Amino acid sequence: MIEFLQTHLPPLVAGLRVTLQLTVGGGICALVLAALAGLARRSSRRWLRWPATVYVEVFRGTSAMVQLFWFYFALPFFGVSLPALVTGVLVLGLNSGAYGAEVVRSAIDHVPRGQWEAGRALNLSDQRILLRIVLPQALPMMLPPAGNLVVELMKNTALVSLITLSELTFAAQVQRAATLETVPLFALTLLIYFVLAQVLLAGVRRIEHYVTRHRGSRA
Amino acid sequence: MSSIAEPALEFRNVTKRYGETTVLEDFDFQLGAGEKVALIGPSGSGKSTVLRIAMALEDIQGGTVRVHGIPLWLDGVAADRAQTRRARARLGMVFQHFHLFPHLSVLENLTLAPRLVNKKKADEAAEQAIALLRRVGLEDKAQAWPEQLSGGQKQRVAIARALALQPDIMLFDEVTSALDPEMVGEVLEVLRELGETTSMSMLLVTHEMAFARQFADRVVFMDGGKVVEAGPPEELFGNPREERTRQFLSRVQPM
Ligand SMILES: Nc1ncnc2c1ncn2[C@@H]1O[C@H](COP(=O)(O)OP(=O)(O)O)[C@@H](O)[C@H]1O
Ligand SMILES: [Mg+2]
């Protein structure tokens with residue numbers, strides 16, 4: 001047991017570090033894109049709405065793996081060569097950001113129309129209504145689905161092994177090939193992913209608790 | 001502020017459609033400065049639409065709307081944003097379903113707009129808010145959350161919130177219709193007090209005929225997007241001229 005861990009843990013931890021970089025980098029990228037595209041899709045301005053819609057539909061409607069191949073293997077033909085890690089962060093971010101945009105949009109749409117009207121009747125501008133009235137109510141609605149997306153993104157990082165990045169899954173494969181201890185090795189790998197998912201979900205729950213803390217017993 | 005001749009609200013030849021449905025056609029209406037008007041009529045006759053147009057919450061397809069002389073619409077052309085906000089600054093509105101901001105305390109519900117729109121200092125806005133809450137009998141609820149209030153209390157907070165911007169005109173859209181019967185009285189009492197102690201113009205959509213009778217200077221009966229009959233409450237309720245008014249009144253206030 002000790003020996004098994006001594007042999008395998010260091011390479012797996014090295015892989016885990018890359019997985020974490022991809023998760024955090026992709027997550028930040030996704031957050032920014034989700035917020036921008038989610039708001040743009042609700043805009044009254046066509047030139048904002050239209051590109052956001054194309055982005056969301058393209059990235060939701062195509063395979064993440066093919067997107068990855070595209071960015072890593074096809075873009076160089078157009079003179080754009082990105083390092084593997086940057087490509088990984090970008091594609092994971094773009095992919096989750098597209099789903100996240102729908103989470104943002106749907107949460108904003110679920111704030112009752114009366115809230116906008118009450119704000120307008122108080123002569124608040126639409127930006128202020130969005131910022132001070134609608135988003136604070138939409139945010140708690142966004143968090144549970146956002147938590148699922150973050151876990152989904154973390155799990156998708158395994159795809160990045162296909163473009164030569166040695167993240168956790170890739171490291172496990174390398175160790176298996178070298179030692180053929182297939183069952184315990186993949187059991188350990190699954191355990192690491194599982195713990196990571198629990199940590200991410202606990203983090204989201206903390207944020208949820210924080211943003212709803214001022215309220216009484218809101219449903 | 002406003003000359004005697006200038007009405008608080010003026011609708012001229014207003015046409016309002018939702019797609020194919022025409023809700024108002026060549027609609028004319030005036031609310032005099034300081035006047036208290038009760039707007040009555042069957043459900044779907046366009047009463048809420050009139051209030052919502054006045055507050056610039058709805059587009060119209062033709063006609064002119066003025067708020068204390070400031071055009072919101074001139075012959076079907078909308079005012080720009082700055083002018084719309086200037087007109088809105090004269091108006092306050094209370095909705096059937098309150099629309100309090102659930103993520104803000106009662107006090108914050110009252111101070112948000114004065115701070116952001118009128119650039120009031122926090123303590124000044126709070127002081128004014130407390131005074132308004134006292135006026136509607138809810139000063140002890142300043143720190144409560146909206147969801148902790150009863151329907152009647154919520155509506156009184158909503159009234160105070162609208163008053164916090166010191167409007168010249170108040171619009172009330174069936175403000176007691178969503179309330180349990182035992183809470184109607186406390187809200188009507190607030191309206192009565194406002195009507196008696198202020199010179200604000202008030203346009204009140206209501207199904208409370210007894211209240212309309214004693215509250216209003218003038219009652220306007222609408223049906224099918226048109227004013228059918230208007231007059232002093234004793235006349236309109238006591239001796240309606242139009243058959244449609246009579247039918248409506250016999251349905252809502254059985255003998
Ligand atoms: N957003 C909307 N879309 C389509 N029709 C509407 C909308 N709002 C109101 N209407 C229609 O307009 C008419 C007048 O509505 P409203 O002004 O709410 O009447 P009232 O307040 O007198 O009950 C009704 O026939 C209603 O169905
Ligand atoms: Mg109505």
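Reader: Let's begin with the ligand. How far is an oxygen atom of ligand 1 from a polar backbone atom of B:Gly46?
Author: The distance is 3.0 Å. Keep in mind that this is a predicted model, so treat that as a computed value.

Reader: OK. And which atom of B:Gly44 lies close by, and how far from an oxygen atom of ligand 1?
Author: A backbone N or O atom of B:Gly44, at 2.7 Å from a ligand 1 oxygen. B:Ser45 has a polar backbone atom 3.2 Å from an oxygen of ligand 1.

Reader: How much of ligand 1 does the protein cover?
Author: On its own, ligand 1 has 560 Å² of accessible area, and the protein covers 59% of that.

Reader: Which residues are around ligand 1?
Author: They come from chain B: B:Tyr18, B:Val23, B:Pro42, B:Ser43, B:Gly44, B:Ser45, B:Gly46, B:Lys47, B:Ser48 and B:Thr49. Sorted by class, the shell has three nonpolar, six polar and one charged residues.

Reader: Which helix gives the most to that shell?
Author: Helix H1 of chain B, residues 47-54, with three residues.

Reader: Switching topic: how many residues are in contact between chain A and chain B?
Author: On the chain A side there are 22, and they touch 24 residues of chain B. About 2200 Å² is buried between the two chains, and carbon and sulfur atoms give 59% of it.

Reader: Which elements of chain A give two or more residues to the side touching chain B?
Author: Those are helix H5 (113-121) and helix H6 (126-156). H5 of chain A gives the most, with eight residues. By class, that side of chain A splits into six nonpolar, nine polar and seven charged residues.

Reader: What about chain A as a whole, how many helices and strands?
Author: Eight helices and zero strands. The C-alpha atoms of chain A fill a box of roughly 70 × 50 × 20 Å along the principal axes.

Reader: Back to salt bridges, how many are there over all chains?
Author: The structure holds 20. One of them joins A:Asp109 and A:Arg42, with the closest N and O atoms 2.7 Å apart.

Reader: What does that pair tie together?
Author: A:Asp109 lies in helix H4 (residues 84-110) of chain A, while A:Arg42 is in the loop between helix H1 (2-41) and helix H2 (46-61) of chain A, so the pair links parts that are 67 residues apart in sequence.

Conventions:
Residues numbered from 1 in each chain as written. Chains lettered and ligands numbered in written order. Predicted model: local features only at pLDDT ≥ 70, side-chain atom pairs only at ≥ 80, totals over all residues. Heavy atoms only, no water. Contact = heavy atoms within 4.5 Å. Buried area = accessible area lost by both parts, 1.4 Å probe. Helix = DSSP H or I, 4+ residues; strand = E, 2+ residues; numbered from the N terminus. Nonpolar A, V, L, I, M, F, W, Y, C, P; charged D, E, K, R; others polar. Near = heavy atom within 4 Å. Polar contact = N/O pair within 3.5 Å; in protein donor to acceptor, adjacent residues only side chain to side chain. Areas by Shrake-Rupley, 256 points an atom, 1.4 Å probe, with all protein chains shown as cover. Salt bridge = Lys/Arg side-chain N within 4 Å of Asp/Glu carboxyl O.
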